[in-house]
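Open the structure in your viewer and keep the sequence panel beside it. The stops below say what to select and what is there.

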Amino acid sequence: MNTTASFWEEGLLGENLFLTLTLGAVVKALLVLVIGLLIAKLLRRYILNLSRSTRYVWIINEDTASTLHNLIVVVAVVYSLDALGVLSYKIAGTSLSNLLTAFLVFYFSYILAKKTKDYLVRSSSQKKLPEAQIKAKIFYYLVITLAFFIALNIAGFSGKLSTLLAAAGITGIVLGFASQTVVSNFISGIFMYFDKPLKIGDPVEVAGYSGIVYDIRILSTRIRTWDGLLVRIPNQKLFNSEIKNLQKYPARRVDIVVGIAYKEDAGKAIEVIKKKLDEMPYVLAEPEPAVFVDNLGDNSVNIAIRAWAPTEKWFDVRTQIVQRVKKALDEAGIEIPFPQRVNWFAEELKVKVEKD
């Protein structure tokens with residue numbers, strides 16, 4: 001026997017007011033509504049006070065307080081209508097009120113997750129923005145997944161959940177081959193987050209492409225190439241590829257080879273180049289630049305230049321070294337030769353000269 005139901009149907013509370021509507025149902029509906037409004041108000045005030053002292057403001061803030069307040073109020077209204085018998089209709093073995101409550105819980109959880117994700121990104125510093133974006137996305141998908149299963153339980157499908165999971169398992173086996181790429185990309189994206197070989201804004205060379213990391217998502221990573229193209233690389237391919245991060249460390253080496261004519265003094269050329277490197281402010285003194293004869297080429301004596309520069313200035317330093325070394329060698333009268341070929345013929349050539 002349901003003692004709770006009988007309490008609202010006994011004595012004065014059981015008297016009909018209109019058709020099947022009883023006084024007990026009206027009192028119960030008003031009581032649920034008042035308690036819901038009271039809990040919503042107290043919870044909102046508590047969260048607002050807590051947000052002023054907690055460090056977890058990315059989740060405990062004014063938006064969260066307002067969202068939870070509205071959720072409790074709407075749920076209270078739904079159960080009040082259910083107490084009046086307005087939402088007592090059965091759909092798929094459960095009441096309409098349970099379905100509406102489940103939908104509202106999922107919807108408000110979505111709103112809460114989305115606002116929290118946006119707040120995480122907005123409140124992050126520019127330096128930590130890439131990491132904050134990834135954390136926000138993981139938190140968003142985690143809350144949505146959890147809210148989905150909670151909504152199933154509220155809707156009254158928890159008893160059927162095992163059946164649904166079994167059916168999902170069978171369906172997963174059937175669709176496994178079709179979705180294995182998506183799952184692989186998702187798992188690779190999680191591994192990439194913990195491995196952290198790159199972040200948004202890094203110049204990289206990966207999977208045959210070179211450019212700036214534009215965005216990192218759960219299933220793919222987007223790169224803006226140097227010529228302005230957007231390339232989407234699946235995370236599975238990215239995770240299995242060799243990644244060159246051109247800005248992972250603060251300093252990067254510039255490698256240049258300069259050829260001088262065989263008749264020139266290699267020692268003098270090395271001194272001229274070293275002097276020019278010492279005059280450049282962005283060429284680091286430590287590690288010290290190295291200039292040496294690398295090899296004897298077909299048409300020139302090749303001198304290698306190894307100079308370190310700040311990573312963010314690497315391209316500018318490289319172009320300046322090429323330009324200034326060329327100018328310095330010209331001013332010193334040291335020839336930079338161009339390729340030459342001497343042709344030998346097995347038989348002597350005879351040239352016929354016609355006279356006018």
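Predicted model: local features only at pLDDT ≥ 70, side-chain atom pairs only at ≥ 80, totals over all residues.

Residues are numbered from 1 along each chain as its sequence is written, and side-chain values use heavy atoms, with hydrogens and water left out.

**Whole chain.** Select everything and colour by secondary structure. The chain has nine helices and twelve strands (DSSP runs numbered from the N terminus: helices are H or I with at least four residues, strands E with at least two). Of the 356 residues, 33% are buried (under 20% relative accessible area; exposed is over 50%, partly exposed in between, with a 1.4 Å probe and protein chains only).

**Two helices.** Select residues 62–83, helix α3, and residues 96–123, helix α4. Their axes come within 10 Å and cross at roughly 175 degrees (axes are lines fitted to C-alpha atoms, for helices over the stretch in contact, and angles run from 0 to 180 degrees between N-to-C directions). That makes α3 roughly antiparallel to α4 (an angle over 145 degrees). Now show side chains: the contact residues include Leu 71 and Val 75 of α3 and Leu 104 and Phe 108 of α4 (contact means heavy atoms within 4.5 Å).

**A sheet.** Next, find the open sheet of five strands in the order β8-β7-β6-β5-β9, with antiparallel pairing (two strands pair if DSSP finds at least two bridges between them). Which strands stand at the edges? They are β8 (230–234) and β9 (243–245); each has a single partner strand, so one side of each is left without a neighbour in the sheet. Zoom in on β5 (residues 203–206) and β6 (residues 209–216), which pair over four bridges. Val 204 stands opposite Gly 211 in β6.

**Two backbone details.** Most residues other than glycine have a negative phi, and most peptide bonds are trans. Select Ala 207, in the loop between β5 and β6. Ala 207 has a positive phi of about 55 degrees although it is not a glycine. At 22% relative accessibility, Ala 207 counts as partly exposed. Finally, go to Pro 287, in the loop between α8 (266–278) and β11 (290–296). The peptide bond from Glu 286 to Pro 287 is cis, with omega near 0 degrees.

Conventions:
Parallel < 35°, antiparallel > 145°, perpendicular 65-115°, else oblique.
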